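This briefing concerns the structure shown below.

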Amino acid sequence: MKRLISRTALGLAAAALAVGGLATSAQAAPAVASGGDPALTDVYIWATDVNLRQQPTTDSPRLAQRSQWWADAICQTQGQTVHDPAVGTNNWWTAVMEFSGSDVAWVNNLYIRGGQKIAGVPDC
């Protein structure tokens with residue numbers, strides 16, 4: 001019985017940490033994407049402190065900031081060219097959702113695993 005209570009308490013503590021972690025700007029990446037729309041392509045934002053924008057330009061308001069995070073990709077389009085000395089240059093942006101039905105935000109493809117244009121993500 002003690003062992004069952006201990007396991008239950010550990011599970012509840014882990015769940016509380018996971019829920020609390022969703023509200024922070026920096027998150028550890030899960031091993032695989034989960035909870036998203038199965039009809040959309042999962043993409044991984046590999047960098048830290050990546051801005052999610054209202055439109056595919058750095059002049060657009062920042063909606064959120066994420067680190068090492070999975071998202072559902074809706075589509076991709078060419079937008080403002082972004083140059084990051086450590087990573088390169090890219091003008092492709094992907095519209096993403098945090099989970100099915102959530103707000104849409106734009107991320108420059110420099111910070112998404114997959115290259116200049118992400119395979120499996122349709123053009124907008």
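Strand β6, spanning residues 104-108, is mostly covered, with four of its five residues buried (under 20% relative accessible area, where exposed is over 50% and partly exposed lies in between, for a 1.4 Å probe and protein chains only). Strands (E, at least two residues) are DSSP runs numbered from the N terminus. The model is predicted: local features need pLDDT of at least 70 and side-chain atom pairs count only at pLDDT 80 or more, while totals for chains, interfaces and linings use all residues. Residues are numbered from 1 along each chain as its sequence is written, and side-chain values use heavy atoms, with hydrogens and water left out.

**Pairing of β5 and β6**

- Strand β5 (residues 88-97) runs antiparallel to β6 and is joined to it by five bridges; two strands pair if DSSP finds at least two bridges between them.
- Thr94 has Val107 in β6 as its bridge partner.
- Six residues lie between the strands of this hairpin, where Gly101 adopts a positive phi near 90°.

**Nonpolar core**

- The largest nonpolar core comprises 21 residues, and Val43, Ile45, Val96, Val107 and Tyr111 have the most contacts inside it. Such a core is a set of buried Ala, Val, Leu, Ile, Met, Phe, Trp, Tyr and Cys residues joined through side-chain atoms within 4.5 Å.
- Two or more residues each come from β1 (41-45), β2 (50-53), β4 (69-84), β5 and β6.
- The most are given by β4, with five residues.
- Beyond its neighbours within four places in sequence, Val43 is in contact (heavy atoms within 4.5 Å) with residues including Trp69, Trp70, Val96 and Ile118.

**Disulfide**

- The structure holds one disulfide, defined as a pair of cysteine sulfur atoms within 2.5 Å.
- Cys75 and Cys124 form this disulfide, with their sulfur atoms 1.9 Å apart.
- The pair links distant parts of the chain, 49 residues apart: Cys75 is in strand β4 and Cys124 is in the segment after β6.
- The disulfide is right-handed because the torsion about the S-S bond of Cys75 and Cys124 is about 90°.
- Cys75 is buried, at 13% relative accessible area, whereas Cys124 is exposed, at 54%.

**Ile118**

- Ile118 lies in the segment after β6 and is buried, with a relative accessible area of 6%.
- Trp92 and Ile118 are 26 residues apart in sequence, and their C-alpha atoms are 8.9 Å apart in space.
- Leaving aside neighbours within four places in sequence, the contacts of Ile118 are Val43, Gln76, Thr94, Asn109, Ile112 and Arg113.
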